Amino acid sequence: MVNWDRKYEDAGPGQLFGHGANSYVRFVKETYGASARNALCLADGDGRNGRWLAQAGLDVTAVDLSQVATDFAQNSDAESGVRVERICADLTDWEPPQDRTWDLVFVMYLQCEMEVRLRALGLGLAALASGGVIALEGFAQDQSKSSLEPTAQTAGPKDVSLLYSADMLEAEFSDAVVLEILAGRIRLDEGQKHQGLGHVIRFCARKT
């Protein structure tokens, strides 16, 4: 298993994935979450997405496995003048309070074992308020195929078991209304880890 505490310690605040919010987080908030009051960010790392959502006026809860990343995030939140409820917890066993729901849920670049990813997606859907929206961005399975130009720099893992597919997401959200599902190559410029051309999937669904 990846030692994320060590990775964040070695890189420093905001260095692994950048300081600015992911562009798909911004798009989903502006396109599907104009009336949203709160958001849940699963695997928020050192806080860039949760912090941007809080700056946009939402009440934000963020969960991440790494205590180091969570500490970085809390310090950056304070420097930015926003408050985010940050929880350091493992998504293999974390459970949100049963009496709480969120209007938006984000699962951005959760790259880990399939069992954990599926559990996180299930938690996210269950935690949505009726009519709420869940959004995901991650590296897609085409990442490991030979269709990529051999000279192109590609970001993300090459192990297909760590990647996403449209079929997987559609199966997991069969009871929700899929708003969009897009897969293709984009050029990433997010810190040290997300650099260069990568094959990604973007998925958004609404809870009925």
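The protein chain contains six helices and seven strands, where helices (H or I, at least four residues) and strands (E, at least two) are DSSP runs numbered from the N terminus. Read from the N terminus, the order of the elements is α-α-β-α-β-α-β-β-α-β-α-β-β. This is a predicted model, in which local features need pLDDT of at least 70 and side-chain atom pairs count only at pLDDT 80 or more, while totals for chains, interfaces and linings use all residues. Residues are numbered from 1 along each chain as its sequence is written, and side-chain values use heavy atoms, with hydrogens and water left out.

Of the 208 residues in the protein chain, 50% count as buried; buried means under 20% relative accessible area, exposed over 50%, and partly exposed in between, with a 1.4 Å probe and protein chains only. A nonpolar core is a set of buried Ala, Val, Leu, Ile, Met, Phe, Trp, Tyr and Cys residues joined through side-chain atoms within 4.5 Å. The largest such core has 29 residues, of which Leu42 and Leu169 touch the most other members. At least two residues of this core come from each of S1, S4, helix H5 (114-127), strand S5 (128-139), helix H6 (166-172) and strand S7 (194-206). H5 provides the largest share, six residues.

The structure also holds one cavity of 30 Å³ or more. On a 1 Å grid over the protein atoms alone, a cavity is a set of points where a 1.4 Å probe fits but cannot get out, and lining residues have an atom within 4 Å of a point. Grid points are joined across faces, edges and corners, and the volume is the space filled by probe spheres set on the points. For the largest cavity this volume is about 40 Å³. Its lining consists of Cys41, Leu42, Ala43, Asp44, Asn49, Phe106, Val107 and Met108. Strand S1 (38-42) and strand S4 (102-108) each supply at least two of the lining residues, and S4 gives the most, with three.

Which aromatic rings pair with one another? Rings of Phe, Tyr and Trp (its six-membered ring) pair if their centres lie within 6.5 Å; planes under 30 degrees apart count as stacked, over 60 as edge-to-face and the rest as tilted. The count comes to five aromatic pairs. One of them joins Trp4 and Tyr8, which form a tilted pair because their ring centres are 6.0 Å apart and their planes lie at 40°. These two residues are four apart in helix H1 (residues 4-11), so about one helical turn separates them. Trp4 is partly exposed, at 25% relative accessibility, whereas Tyr8 is buried, with a relative accessible area of 4%.

The pair of Tyr24 and Phe27 is stacked, since the ring centres are 6.0 Å apart and the planes lie at 15°. Both residues belong to helix H2 (residues 23-32), three residues apart, about one turn of the helix. Tyr24 is buried, with a relative accessible area of 2%, while Phe27 is partly exposed, with 34%. Ring pairs link Tyr24, Phe27 and Tyr32 into a cluster.

Finally, Pro96 is placed in the loop between strand S3 (85-88) and S4. Pro96 counts as buried, at 14% relative accessibility. The C-alpha atoms of Pro96 and Ala127 are separated by 7.3 Å, although the two residues are 31 residues apart along the chain.

Notes
1 Å grid on protein atoms, 1.4 Å probe; cavity = no way out; pocket = protein on both sides within 12 Å on 5 of 7 lines; lining within 4 Å.
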